[in-house]
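Grab a viewer and work through these exercises with the model open. Each one has a task, then a solution in steps.

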Amino acid sequence: MFSATLTRFTKQLLTSSSSRPNLQWMPTLPLILLHATNATTTSPATAIFRIQPQMTKHEVQEYLTKIYNLPVVHVRTQN
C-alpha cells in the first residue's frame with residue numbers, strides 16, 4: 001500500500017505539468033515517538049512509537065526507511 005502510493009506520487013511528480021509545480025506528498029500515517037534509547041556496544045538503538053491501528057509492520061518499516069532514511073532491523077506490534 002505505502003509502496004504503491006509512493007510510486008504513484010513519484011510518477012505524478014515527474015510528469016506534472018507547469019500548472020502543478022508545487023505538488024508535495026505528505027504521509028497521513030503519523031508516528032508518535034514515546035521512548036528511544038541510544039545504541040551501545042552491546043545493544044542496538046531502539047525506539048517505541050504509537051501508531052494508528054490500521055498500520056501494518058511492513059508499513060511501519062517502509063515509513064521509517066523511506067521517509068526518514070532510518071535502518072530498521074525489526075518491528076514488533078502490540079494491540
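## Exercise 1: the inner side of a helix

Task: find which residues of H2 are buried.

Solution. The buried residues of H2 are Glu59, Val60, Glu62, Tyr63 and Leu64. Buried here means under 20% relative accessible area, with exposed being over 50% and partly exposed in between (1.4 Å probe, protein chains only). Helices are DSSP runs of H or I with at least four residues, strands are E runs of at least two, and both are numbered from the N terminus. As a reminder, an α-helix has 3.6 residues a turn, so residues three or four places apart point the same way. Just after H2, look at Asn69, which takes a positive phi of about 55 degrees.

A word on the source: this is a predicted model, where local features need pLDDT of at least 70, side-chain atom pairs count only at pLDDT 80 or more, and totals for chains, interfaces and linings use all residues. Numbering runs from 1 along each chain as its sequence is written, and side-chain values use heavy atoms, with hydrogens and water left out.

## Exercise 2: the whole chain

Task: work out what pattern the chain follows along the sequence.

Solution. Start with the count: two helices and two strands. Reading along the sequence then gives α-β-β-α. For burial, 15% of the 79 residues count as buried.

## Exercise 3: a loop isoleucine

Task: decide whether Ile51 is buried, partly exposed or exposed, and list what Ile51 touches.

Solution. First place Ile51: this residue sits in the loop between strand S2 (46-50) and helix H2 (57-67). Ile51 is partly exposed because its relative accessibility is 28%. Leaving out residues up to four places away in sequence, Ile51 touches Pro30, Leu31 and Val60; contact means heavy atoms within 4.5 Å. Val60 also turned up among the buried residues of H2.

## Exercise 4: the largest pocket

Task: find which element gives the largest share of the lining of the largest pocket.

Solution. The space in the largest pocket is about 1000 Å³. Of its 25 lining residues, Ala47, Phe49, His74, Val75 and Arg76 are the closest to the centre. S2 and H2 are the elements that give two or more residues to the lining. The largest share, five residues, comes from S2. Points are joined across faces, edges and corners, and the volume is the space filled by probe spheres set on them.

Definitions and conventions
1 Å grid on protein atoms, 1.4 Å probe; cavity = no way out; pocket = protein on both sides within 12 Å on 5 of 7 lines; lining within 4 Å.
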